[in-house]
Amino acid sequence: MKAVIMANGEYGSLNGYKSIFKDLDLIICSDGGANYAYQIGLVPDYIVGDMDSIAPEVREHYNRMQVPLKRYPKRKDFTDTQLAMSLAENLGVNQIVFTGTIGKRLDHTLSNLYCCLEQVHKGLKVMHYHPDYQVYLFTGKLEIQGKPGDIVSVLALSDCCQGVSEKGFQYPLEDVVLEKKNPYAISNVLADTVGIITVQEGILAVIHYREITPSSGDSL
């Protein structure tokens with residue numbers, strides 16, 4: 001069962017999102033994420049949050065369509081995105097695509113990534129989508145599909161990730177240890193249309209950039 005959770009973050013051109021709304025079982029909007037669903041022409045299954053960022057006309061529109069709205073107090077111990085994710089999990093979802101969760105607000109981006117760790121431990125497949133790049137959180141095996149030359153970076157979200165391998169890349173890895181404190185496995189490059197990343201223990205974040213040309217002068 002696959003769900004898209006739409007948060008109230010950065011989207012860029014909305015034309016880049018149409019493909020991810022195919023073959024879905026559920027759309028959940030996290031508060032102001034409903035504003036973007038409205039612009040795209042989607043009807044969410046639920047709207048969740050404290051309702052401080054949804055536009056009044058959007059809320060009225062979805063009220064008329066009888067979309068269930070789950071309202072929570074503004075002062076709470078969970079973000080709206082966490083509440084949406086909890087609802088999706090309770091409804092039996094095993095695959096979640098997030099939109100509007102990664103962007104210029106680094107605190108929001110990190111919060112949205114970290115709050116998925118427990119679900120990934122439980123076996124859920126998680127991806128944060130932006131038209132320019134995607135962030136996959138996983139344990140076990142991940143297959144990346146793209147174009148030769150795409151940049152792919154791998155970061156440990158667990159303190160230590162054991163048995164990490166990367167195949168189909170210009171700089172392959174074989175059964176290495178990646179530590180959160182030593183993030184060296186960035187800016188790898190797809191050598192073919194498919195790259196395979198595996199980890200025996202721990203959770204990895206894999207960032208797949210599209211249409212970026214690597215440069216020998218790139219540095220941190």
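Modeller: Let's start with Gly49, which counts as buried because its relative accessibility is 0%, and buried means under 20% relative accessible area, exposed over 50%, partly exposed in between (1.4 Å probe, protein chains only). Before we go on, this is a predicted model, in which local features need pLDDT of at least 70 and side-chain atom pairs count only at pLDDT 80 or more, while totals for chains, interfaces and linings use all residues. Residues are numbered from 1 along each chain as its sequence is written, and side-chain values use heavy atoms, with hydrogens and water left out.

Colleague: Where does Gly49 lie, and what does Gly49 touch?

Modeller: Gly49 lies in strand E3. Helices (H or I, at least four residues) and strands (E, at least two) are DSSP runs, numbered from the N terminus. Not counting residues up to four places away in sequence, Gly49 touches Lys70, Arg71, Tyr72 and Asp80; contact means heavy atoms within 4.5 Å.

Colleague: Asp80 is on that list. Is Asp80 buried or exposed, and how do you know?

Modeller: Asp80 has 13% relative accessibility, so it counts as buried. Its place is in helix H3, where the buried residues also include Leu83, Ala84 and Leu87.

Colleague: What makes a pair of atoms at Asp80 a polar contact?

Modeller: A polar contact is a pair of N or O atoms within 3.5 Å; within protein, one must be able to donate a hydrogen and the other to accept it, and residues adjacent in sequence count only if both atoms are side-chain atoms. The side chains of Asp80 and Lys76 make such a contact at 3.2 Å. A polar atom of the Asp80 side chain also lies 3.3 Å from the backbone nitrogen of Asp50.

Colleague: Which residues does Asp80 touch, leaving out those up to four places away in sequence?

Modeller: They are Ser30, Asp31, Val48, Gly49 and Asp50. Asp31 is worth a stop, as it sits in the loop between E2 and H1 and counts as buried because its relative accessibility is 1%.

Colleague: What makes the phi of Asp31 worth a remark?

Modeller: Most residues other than glycine have a negative phi, and most peptide bonds are trans. Asp31 is not a glycine, yet its phi is positive, about 50 degrees. Asp175 is another non-glycine with a positive phi, of about 55 degrees.

Colleague: Why is Asp175 called partly exposed?

Modeller: Its relative accessible area is 48%, so Asp175 is partly exposed. Asp175 lies in strand E10 (residues 173-179). The side chain of Ser165 reaches the backbone nitrogen of Asp175 at 2.9 Å.

Colleague: How do you know whether Ser165 is buried or exposed?

Modeller: Ser165 counts as buried because its relative accessibility is 9%. Ser165 is found in strand E9 (residues 160-167), and among the residues that it touches are Leu173, Ile196 and Thr198.

Colleague: Now the helices. How are two packed helices described?

Modeller: By the angle between their axes and the distance between the axes. Helix H1 (residues 33-40) and helix H2 (residues 56-64) pack at about 70 degrees, with their axes 9 Å apart. Axes are lines fitted to C-alpha atoms, for helices over the stretch in contact, and angles run from 0 to 180 degrees between N-to-C directions.

Colleague: Which residues make the contact between H1 and H2?

Modeller: H1 brings Ala34, Asn35, Ala37 and Tyr38, and H2 brings Val58, His61 and Tyr62. They divide into five nonpolar, two polar and no charged. Here Ala, Val, Leu, Ile, Met, Phe, Trp, Tyr, Cys and Pro count as nonpolar, Asp, Glu, Lys and Arg as charged, and the others, Gly among them, as polar.

Colleague: And which residues of H1 are buried?

Modeller: Gly33, Ala34, Asn35 and Ala37 are. The buried residues of H1 pack against strands E1 (2-6), E2 (26-30) and E3 (46-49), and against H2.
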